Amino acid sequence: MQYDRVINRRIADVPPSGIRKFFDIVKQMPEAISLGVGEPDFVTPWSIRDAAIASIEEGRTQYTSNWGLESLRERVAAYLRMRYHAVYSPEDEVLITVGASEGIDLALRAVLSPGDEVLIPEPSYVSYAPCVAFSGGESVPVVTRAEDCFALTAEALRAAITPRTKALILPYPNNPTGGVMTRRQLEEIAGVLRGTDIIVISDEIYSELVYGGHEHTAFAAIEGMRERTVTLNGFSKAFAMTGWRVGYIAAPRELLAPMFRIHQYTMLCASIQGQIAADFALKRAFETNFEDVKMMVRSYDRRRRLMVETLNGMGLSCFEPRGAFYVFPSIARTGLSSDDFCTRLLEKKKVACVPGTAFGASGEGFVRCSYATSLEKLNIALARIREFVEECEANVSAR
């Protein structure tokens, strides 16, 4: 059997994840401290877990509607309206998905035809470009810069649009940079898009994780943008529910209908236990004024400030992230490429970070470090990084 003749070339040509490479190595090094993982170090609050356990004991083990539990869709619609002033009908404008990742796949497959271009601000989440390729489209990176706080500028967007542009992915708060778009910046983006048929896939999975007085603005809430916007979100980050795999899409019914059709024939529905847990998570959040979420944000904020101050103090210029739970320092002064820096840091100091190039070519010269880990481990990891940087600088001086 000649497998290279039967495997879809579009799939075969997509390289392995640059993040998973380091995860696989870390698994073989129990003494290593990982700053690479993109999930909360908090466990799902007990009351949420208890709701799921109770549902199993009650025998709730069936499929749900393809759309998802009605009560969950109603809470999601209420959440989006209350928190971000984005209004959707829970009946046919909210779809519960298997994580926000399924939402990315559904949105792209529903709108792309072969050869369509998708604009992706870069550096950005590793799955966007592969999912575009899987859907037959072509990714067009739009470089963002630290001096612009890693925000997508209207000028850069305007310059990237061609007659083949079908969609723009808007990934804010951003993984890996921690960049956040202000309302004014989003209004400028909206100004560029008005009069076009470009669809916006707004990945807002980190919407609750913002710091330093900054606020998240839903792109669909910008005047005139709802009709073209597919909003993706979920429960993984803000509710510490990564393994439950529950996300959602909110979009105008005309846009959501083809996504629902794909979901109906492929995933059918998200796990009923995951949906029950997510439903309870939102119910509890409404009742407690999001206290569990605020507690996690306060903890992340302390770690964020520690990392930024320490990395800048050792000469690794670091933009102060405004959202998510990553820092994205420049490692240019070490003289190493991003991949070499991460490989040698792991080998010599047992600290795992992710090369900036995992998030696009413009990530060269940077590394991503997650602060979703304990303060104790962060302090140890930062001390080891400092030692490594000093050794690199000594080697550079000796040349």
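In the predicted model, seven strands are arranged as an open sheet in the order β2-β8-β7-β6-β5-β3-β4, and their pairing is mixed.

Strands of a sheet pair through backbone hydrogen bonds, either parallel or antiparallel. Both senses are found in the seven-stranded sheet, where the pairing is mixed. Strand β5 (residues 165-170) runs parallel to β6, to which it is joined by four bridges. Within this pair, Ala167 has Ile199 in β6 as its bridge partner. By contrast, β7 and β8 pair in the antiparallel sense, over four bridges, and the bridge partner of Thr231 is Ala250 in β8. The pairing of β2 with β8 is likewise antiparallel and also involves four bridges. Here Val94 stands opposite Ala250 of β8.

In a regular strand the side chains alternate between the two faces of the sheet. Strand β8 illustrates this arrangement: Gly247 and Ile249 point one way, whereas Tyr248 and Ala250 point the other way. All four of these residues are buried.

Helices lie across the sheet. Helix α5 lies across β2 and β8 and runs at about 115° to β2. Helix α6 lies across β2, β3 (117-122), β5, β6, β7 and β8, running at about 120° to β2.

Helix α6 also packs against α10, at an angle of about 120° and with the two axes 9 Å apart. The two helices are therefore oblique to each other, and their crossing is right-handed. On the α6 side, the contact is made by Glu102, Leu106, Ala107, Arg109 and Ala110; on the α10 side, Pro258, Met259, Ile262 and His263 take part.

Helix α10 itself comprises 13 residues (253-265). The distance from its first C-alpha to its last is 18 Å, close to the 18 Å expected at 1.5 Å a residue. Its buried residues are Leu255, Leu256, Met259, Phe260, Ile262 and His263. An α-helix has 3.6 residues a turn, so residues three or four places apart point the same way. Among the elements that cover the buried residues of α10 are helix α6 (99-111) and the strands β2 (94-97), β6 (199-203), β7 (229-234) and β8 (247-250).

A further helix pair is formed by α5 (residues 70-84) and α11 (residues 272-288), which pack at an angle of about 40° with their axes 9 Å apart. That angle makes α5 oblique to α11. The crossing of α5 and α11 is left-handed, whereas that of α6 and α10 is right-handed. From α5, the residues in contact are Ser71, Leu72, Arg75, Val76, Ala78, Tyr79 and Met82. They meet Gln275, Ala278, Asp279, Leu282, Lys283 and Phe286 of α11.

The model also contains an open sheet of three strands, in the order β9-β12-β11, with antiparallel pairing. Strands β9 (326-327) and β11 (354-355) are the edge strands, each pairing on one side only. Two bridges connect β9 with strand β12 (residues 367-370) in the antiparallel sense, and Tyr326 has Ser370 of β12 as its bridge partner.

Terms used
Residues numbered from 1 in each chain as written. Predicted model: local features only at pLDDT ≥ 70, side-chain atom pairs only at ≥ 80, totals over all residues. Heavy atoms only, no water. Expected span 1.5 Å × (residues − 1). Buried < 20%, exposed > 50% of the residue type's maximum accessible area, 1.4 Å probe, protein only. Contact = heavy atoms within 4.5 Å. Pairing = 2+ DSSP bridges. Axes fitted to C-alpha atoms, helices over the stretch in contact; angles between N-to-C directions. Parallel < 35°, antiparallel > 145°, perpendicular 65-115°, else oblique. Left-handed = near helix turned anticlockwise from the far one by under 90°.
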